[in-house]
Amino acid sequence: MEPSHASRTLRDIVAVLVVAIFMFPILWWGLNSIKPYSAIFDKDGPVYLDFEPTLDNYRVTMMGVSRVELAIQDGGGTYGAGGASSYDSRQTILDSIIVSVGSTIISVFLATLAAYALSRMAMRGKQHFIFWVLSQRFMPPIAIVIPLLFMFRDMGLRDTHFGLILAHVLINLPLAVLLLKSFFDDVPKDVDEAAMIDGATRWQSFRRVVLPMVRGGVAATAVLCFIFSWTEFMLSLYLTTSIRTLPVKITTFVTSTGTEWGFITALGTTAILPAFVFILLVQRHLVRGLTLGSLKE
Amino acid sequence: MSDIATVAAATERRFRMPRFLSSEHPFPWLLPLISMLIVFGIYPLLYAFWMSLHQRNRIKRVDEFVWFKNWGTAFGDDRVWNAFQVTMTYTLSALVIQLALGLAIAMLLDSDRKGYGILRGLMTLPLVVPPAVAGMMFLLMEDGSFGVLSHYLYAFGLLSPERPILATGSTALMGVLLADIWQWTPFMVLIMLAGLRALPKEPFEAAAIDGANSWQMFRRLTLPMLSKVIAVAVLIRGVDLFRIFDYVYVMTSGGPGTVTETMSAYAGRIFMTGNFPYAATLALLTLLIIFVVANIFIQVFKVRF
């Protein structure tokens with residue numbers, strides 16, 4: 001039973017419409033980031049395209065132009081609503097990159113070794129061990145924040161990049177270990193057995209034979225770890241005060257005197273764009289990643 | 001025996017390491033992971049538990065050991081019960097809506113025709129928006145005076161400007177849910193699509209020959225064959241929903257009153273007041289609930305990793 005031409009067209013229209021609805025919040029967000037102040041807060045109704053696009057919001061968040069300078073350029077009017085908070089976010093972007101890259105490297109390193117062993121070697125209680133790793137994923141971040149705060153104080157890691165990196169490693173490990181295990185599982189066991197019969201040690205057969213075969217899987221895992229660290233909120237919010245990652249910095253633009261939607265949307269767009277680029281790189285492994293390796297596409 | 005072999009054998013004897021330290025044994029492979037999980041996973045939890053058995057004495061400025069007093073307080077705390085109910089309502093409604101929408105959209109987008117690949121790719125974008133930013137997106141759209149969503153809700157008479165969606169008790173949780181639904185329905189779509197694409201064709205052809213209509217095929221074939229996929233999706237999403245914090249913190253901070261205050265949000269609020277032992281108790285209580293329910297779910301539905 002072939003669907004008719006009309007029903008096909010109807011389906012196309014509905015499909016495009018549904019996807020458009022899901023894209024709307026992102027487009028609206030991006031649109032607001034290039035709106036002048038008055039167009040964002042128009043109470044007569046939403047402003048779609050009837051405004052002069054401006055990069056002022058990006059100049060404040062990304063280039064360190066102060067809000068006062070903009071107001072003077074504007075001809076003495078006030079620009080924005082907030083008080084004297086700092087909107088220059090260049091340090092924030094750097095902090096975010098340091099934390100995400102650092103935690104990704106450590107997570108992938110620890111997870112690759114462990115995943116190989118879990119995929120290849122016989123051991124007692126393996127399922128229990130895997131479940132223990134998985135159960136880290138169940139932990140509400142708040143349960144770990146409180147003790148970590150005190151531990152970091154005693155270890156001298158309070159308010160440091162390294163402390164936050166370690167916390168992000170902890171939440172990324174279950175994903176990294178289970179996902180990499182599923183990639184190692186895809187490589188037939190004969191491969192390293194053949195290498196070992198030829199005289200290679202475990203380590204050599206891992207390093208020279210199996211690891212090169214799962215290169216794509218390691219890359220996909222790294223990208224996902226990066227994204228989850230990049231978007232993480234609660235640990236960064238509570239564990240550090242002088243180091244601000246992007247999602248936390250954005251929420252500080254909500255002040256008691258007003259919400260700086262212009263700067264928020266500009267910095268938010270800056271935070272989203274790298275994630276969009278990265279997600280396109282791992283489209284193929286996304287389902288596997290989001291289900292910690294239990295479903296394959 | 002040749003000289004070389006003798007030397008090699010002697011060297012080997014001298015430098016032989018215990019077997020569990022060689023690369024043939026899983027121990028050295030797992031050691032870095034295990035140490036990391038013990039130091040930053042197990043130890044903090046024990047530490048949190050130890051904290052939950054104490055109480056701050058403000059006068060003497062010391063933490064006194066009070067056994068399970070905080071736990072007793074938690075069970076008698078109306079706000080904990082409120083937070084539990086809010087979290088359950090949030091989790092269950094989000095799960096049902098996201099599952100239904102996700103399955104529907106997945107079936108809609110499951111086509112090999114031109115352009116559908118792009119649509120499926122676009123659908124994944126909301127997933128990588130930082131949740132705090134997604135919360136802000138909806139805060140902007142749901143703003144009582146200039147929000148675009150509020151504007152149309154007012155225009156269609158679904159809400160009135162005197163009762164903004166996030167500032168009104170009866171609609172605030174729905175307002176927060178919208179952000180969650182927007183961000184995580186694509187997760188369901190993606191997983192369901194993977195499930196749909198893996199379905200065998202033959203049973204459907206056979207059913208079509210037998211004269212089954214599309215609803216019967218969906219009910220008797222598609223749904224049962226997707227059950228494993230659905231179980232995994234419900235487990236992962238359910239856990240994340242139950243520890244929900246970001247949207248609530250960004251959009252309502254638990255208000256108005258406590259109508260959107262989830263378990264994590266309440267624990268976070270107590271944490272900010274400086275009552276660490278009680279915050280630790282609430283956090284552990286949340287963890288305990290998740291752990292028990294997730295464990296049962298994994299056993300019953302035989303989810304494998």
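Predicted model: local features only at pLDDT ≥ 70, side-chain atom pairs only at ≥ 80, totals over all residues.
Modeller: In chain A, helix α10 covers residues 202-213, and at 1.5 Å a residue its 12 residues should span 16 Å; the end C-alpha atoms are 15 Å apart, which agrees.

Biologist: Which residues in α10(A) are buried?

Modeller: A:R202, A:S205 and A:F206 are buried there. Seen down the axis of α10(A), the buried residues fall within an arc of 100°, so they line one face of the helix.

Biologist: And which exposed residues sit on the face turned away from the buried side of α10(A)?

Modeller: That face carries A:R208 and A:P212, both exposed.

Biologist: What covers the buried residues of α10(A)?

Modeller: The cover includes two helices of chain A, α5 (90-120) and α9 (189-197).

Biologist: Switching to chain B. How many helices and strands are there?

Modeller: Chain B has 14 helices and 2 strands.

Biologist: What radius of gyration does chain B have, against a compact globule of 305 residues?

Modeller: Chain B has 27 Å, whereas a compact globule of 305 residues would have a radius of gyration near 19 Å. Along its principal axes, the C-alpha trace of chain B spans about 95 × 80 × 35 Å.

Biologist: What percentage of chain B is buried?

Modeller: Buried residues are 39% of the 305 in chain B. As for contacts in chain B with a separation of 6 or more, 66% are between residues 24 or more positions apart.

Biologist: Which domains does the assignment give for chain B?

Modeller: The domain assignment gives domain 1 (2-52) and domain 2 (73-301). The centres of these two domains of chain B, taken over C-alpha atoms, are separated by 42 Å.

Biologist: One more residue. Where is B:T168?

Modeller: B:T168 is in the loop between α7 (148-155) and α8 (169-197) of chain B.

Biologist: Why does B:T168 count as partly exposed?

Modeller: Because B:T168 has 17 C-beta neighbours inside 10 Å; a residue needs 20 or more to be buried, and 12 or fewer to be exposed.

Note on methods. Residues numbered from 1 in each chain as written. Chains lettered and ligands numbered in written order. Helix = DSSP H or I, 4+ residues; strand = E, 2+ residues; numbered from the N terminus. Expected span 1.5 Å × (residues − 1). Arc of directions from axis to C-beta. Contact = placed C-beta atoms within 7 Å. Domains from an automatic or database assignment. Rg over C-alpha atoms; globule rule 2.2 N^0.38 Å.
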